[in-house]
2 protein chains.
Amino acid sequence: MTPEATLARFREYMVGPARFMNVLSCFELGIIDTLRENPGMTAIQLGAAVDAKPDAVEQLLHLPVKEGLLAYDETSRGYSLDALADVAEADLERVLTFLDLVKVLMLRQLFYLTDSVRTGEVVGLKELYGFDGNLFSAVAEHRDLRESWATGMDLGTARVDPWFFDHVDIPPGSRVLDLAGNTGLGAINTYQLKKSPGLKVTTFDLPEKEKECLENFRAHGVAEHCSFIGGDVFEEVPHGFDIVLIKHFLTLFDQDAATKILSNVNKALDVGGQVNVLVPVYQDNVRDFDSRSVDFYPAFFLGCAMGQGGPQKLSTYRGWLEECGFEMTKVTVENPAGIPPDALPLQAILCATKTA
Amino acid sequence: MTPEATLARFREYMVGPARFMNVLSCFELGIIDTLRENPGMTAIQLGAAVDAKPDAVEQLLHLPVKEGLLAYDETSRGYSLDALADVAEADLERVLTFLDLVKVLMLRQLFYLTDSVRTGEVVGLKELYGFDGNLFSAVAEHRDLRESWATGMDLGTARVDPWFFDHVDIPPGSRVLDLAGNTGLGAINTYQLKKSPGLKVTTFDLPEKEKECLENFRAHGVAEHCSFIGGDVFEEVPHGFDIVLIKHFLTLFDQDAATKILSNVNKALDVGGQVNVLVPVYQDNVRDFDSRSVDFYPAFFLGCAMGQGGPQKLSTYRGWLEECGFEMTKVTVENPAGIPPDALPLQAILCATKTA
């Protein structure tokens with residue numbers, strides 16, 4: 001890269017936050033919906049429709065016009081949808097959910113990224129919410145965080161879980177443990193998506209999740225096949241299972257904690273027992289296509305969610321598994337061409353067998 | 001743009017804030033300086049050097065490696081400068097000043113952009129600082145805002161002011177009024193950069209600026225040639241001047257306020273009197289190259305600085321000037337190739353003559 005290209009690249013970083021919020025604000029104000037219903041409206045008409053000053057509306061619309069999302073007609077001074085007109089409603093809804101997640105969970109919190117890295121705490125949650133702890137405890141207390149997080153996660157899970165169960169082998173009669181399975185959704189999905197006869201699935205999580213988890217099992221009609229065990233993955237993982245699932249969890253931790261978890265899983269299994277790990281991954285050479293996760297996850301986990309953690313390269317995950325007595329037998333990585341162009345993570349499934 | 005391209009573009013917006021802060025954090029932590037001194041350090045060594053956990057350092061460095069700013073050697077696990085090695089120190093300092101400005105003045109404030117547009121106030125300053133008012137009053141009370149702002153402005157002025165005076169005609173003996181001239185820097189620059197014999201330059205601003213302004217004149221040895229008049233541009237502009245300079249000011253206001261200022265300037269001048277306006281501009285067709293200002297200024301002025309204002313298209317400025325009794329006689333726009341690739345605004349000088 002020439003120095004000129006590097007400096008131009010820095011300009012892209014500089015305008016990242018402004019671009020993000022300018023585009024989102026056009027949706028939040030209702031300008032895009034209004035134009036969808038009434039193409040050709042001027043800034044004055046739009047200002048009246050969305051209760052904002054026309055001068056401000058005009059300012060905000062320069063960027064989406066420049067980007068080709070909207071069109072502007074100089075003669076009539078009217079705006080209309082351009083590229084936005086061709087985006088399917090479900091796609092746009094998914095995008096807006098994620099833009100909101102970035103706004104609520106990240107935009108202000110990122111200001112404290114450097115402090116979060118220095119302290120290993122999510123300083124933004126403390127500064128902005130007076131909250132000591134990570135995002136996953138904060139969502140229990142703060143509705144704005146919870147709503148943004150839950151909506152985003154539901155969309156992500158809806159895409160990833162069916163793909164996960166398509167690629168994980170769970171033979172009939174298996175006894176499956178869903179590690180850090182929260183309130184049972186993973187166990188329910190395991191039972192319902194795998195449809196293997198005689199499956200027994202157990203959610204393992206902190207004891208306070210038990211009540212809601214068992215209620216969920218009953219509500220989904222799987223109470224006969226699913227159960228709950230309370231405990232702490234950093235202490236001991238329950239024995240007596242053939243297959244352990246670790247979904248959306250290992251990425252929350254740095255190496256020492258992540259390998260502690262894997263070691264405890266290893267201790268709980270017999271030789272030949274299986275672990276199936278669902279994690280976002282980075283390419284081993286991050287300059288390879290497609291390394292989109294790198295743009296997002298380090299800042300998210302360190303500055304907004306945990307103060308630690310983040311996805312790893314496949315070679316790193318393999319090393320951790322081997323260090324903890326597993327052999328990685330199969331790796332399945334999402335095909336970038338198979339996920340929506342706006343989706344950030346490339347997920348991987350690491351299947352491994354206990355060797356020692 | 002195909003729907004796929006549009007969705008991919010949304011992904012770029014989503015990662016804008018994370019990318020911005022991830023890159024800046026590498027500088028804030030001292031990682032880049034450390035690598036400049038000691039190329040080849042590993043994440044473990046860097047963690048020890050900058051007092052951060054190696055796991056977190058490794059996470060943060062994925063992005064600059066992907067982007068080509070840094071290089072990573074898989075064998076030694078060492079990092080070194082890549083494209084960053086070729087950027088001149090002064091260029092990098094300017095970039096870092098601006099990244100800091102975006103962080104301190106914008107990143108958190110932008111969260112409230114939609115509210116700011118709805119209310120015409122800078123809601124972020126109220127929410128984050130408990131401050132009622134615009135950025136330019138807030139900098140007087142809040143040191144973090146002031147320092148970030150002043151450093152950024154000094155760099156911008158150092159580039160733009162010499163260019164401005166190169167392109168503005170101020171004949172010997174002119175009586176010049178620097179409108180909203182703050183504490184005199186513009187007047188001092190006018191006198192010193194134009195070197196026209198017999199020049200008299202007057203700073204016009206709110207009365208409370210007088211003391212510091214006169215001190216500045218004395219300190220720069222221009223007290224004989226420069227003076228101060230206190231007043232309010234929205235009330236009346238002082239008479240008896242041949243040339244009025246309006247630098248870095250008109251952009252702060254929406255149309256009604258901006259044209260009020262221009263009308264008051266018109267009333268103060270004789271027919272044939274000159275006004276020279278320095279403003280950032282947008283291309284008339286914002287899809288034309290180079291519309292870089294559009295990425296930044298609407299969000300900055302509406303959400304972070306004023307709750308109103310922003311640059312306009314050249315045709316809009318021309319219309320406002322004509323509406324206020326001026327004829328635009330000359331327009332000079334910065335050449336994108338002549339400003340640093342990281343610089344955001346394209347400035348313009350609008351020279352106009354009072355016709356009525």
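Mentor: Begin with confidence. This is a predicted model. Chain A averages a pLDDT of 96, and 100% of its residues score at least 70.

Trainee: Next, the interface. How many residues of chain B are in contact with chain A?

Mentor: Count both sides. In chain B, 93 residues are in contact with 93 residues of chain A. Then look at area. The two chains, B and A, bury about 8,500 Å² between them. Carbon and sulfur atoms hold 64% of that.

Trainee: Which three residues supply more of chain B's buried area than any other three?

Mentor: Tyr13(B), Met14(B) and Phe111(B). Together they supply 9% of the area that chain B buries against chain A.

Trainee: How many salt bridges cross the interface of chain B and chain A?

Mentor: The rule finds 12. Take one pair: the side chains of Arg287(A) and Asp82(B) meet at 2.9 Å, N to O. The cut-off is 4 Å, so this pair counts as a salt bridge. Polar contacts are a separate tally. Across the interface of chain B and chain A, 34 residue pairs are in polar contact, both at pLDDT 80 or more.

Trainee: Which element gives the most to the side of chain B that touches chain A?

Mentor: H1(B), with 22 residues. Sort that side of chain B by residue type as well: 52 are nonpolar, 14 polar and 27 charged.

Trainee: Now single residues. Is Leu145(B) buried or exposed?

Mentor: Find its place, then check its accessibility. Leu145(B) is in helix H9 (residues 143-166) of chain B. Its relative accessible area is 0%, so Leu145(B) is buried.

Trainee: What does Leu145(B) touch?

Mentor: Leave out residues up to four places away in sequence. Leu145(B) then touches several others, among them Val104(B), Leu105(B) and Tyr129(B). Compare sequence with space. Leu145(B) and Leu105(B) are 40 residues apart in sequence. Their C-alpha atoms are 6.4 Å apart.

Trainee: And where is Gly221(B)?

Mentor: In the loop between helix H11 (210-219) and strand E6 (226-230) of chain B. Gly221(B) has 57% relative accessibility, so this residue counts as exposed. Gly221(B) and Leu350(B) are 129 residues apart in sequence and 30 Å apart in space, C-alpha to C-alpha.

Key:
Residues are numbered from 1 along each chain as its sequence is written. Chains are lettered from A and ligands numbered from 1 in the order in which they are written. Side-chain values use heavy atoms; hydrogens and water are left out. Helices (H or I, at least four residues) and strands (E, at least two) are DSSP runs, numbered from the N terminus. Buried means under 20% relative accessible area, exposed over 50%, partly exposed in between (1.4 Å probe, protein chains only). Contact means heavy atoms within 4.5 Å. Buried area is the accessible area (1.4 Å probe) that two parts lose on being put together, summed over both. A polar contact is a pair of N or O atoms within 3.5 Å; within protein, one must be able to donate a hydrogen and the other to accept it, and residues adjacent in sequence count only if both atoms are side-chain atoms. Ala, Val, Leu, Ile, Met, Phe, Trp, Tyr, Cys and Pro count as nonpolar, Asp, Glu, Lys and Arg as charged, and the others, Gly among them, as polar. pLDDT is the predictor's confidence in each residue, from 0 to 100.
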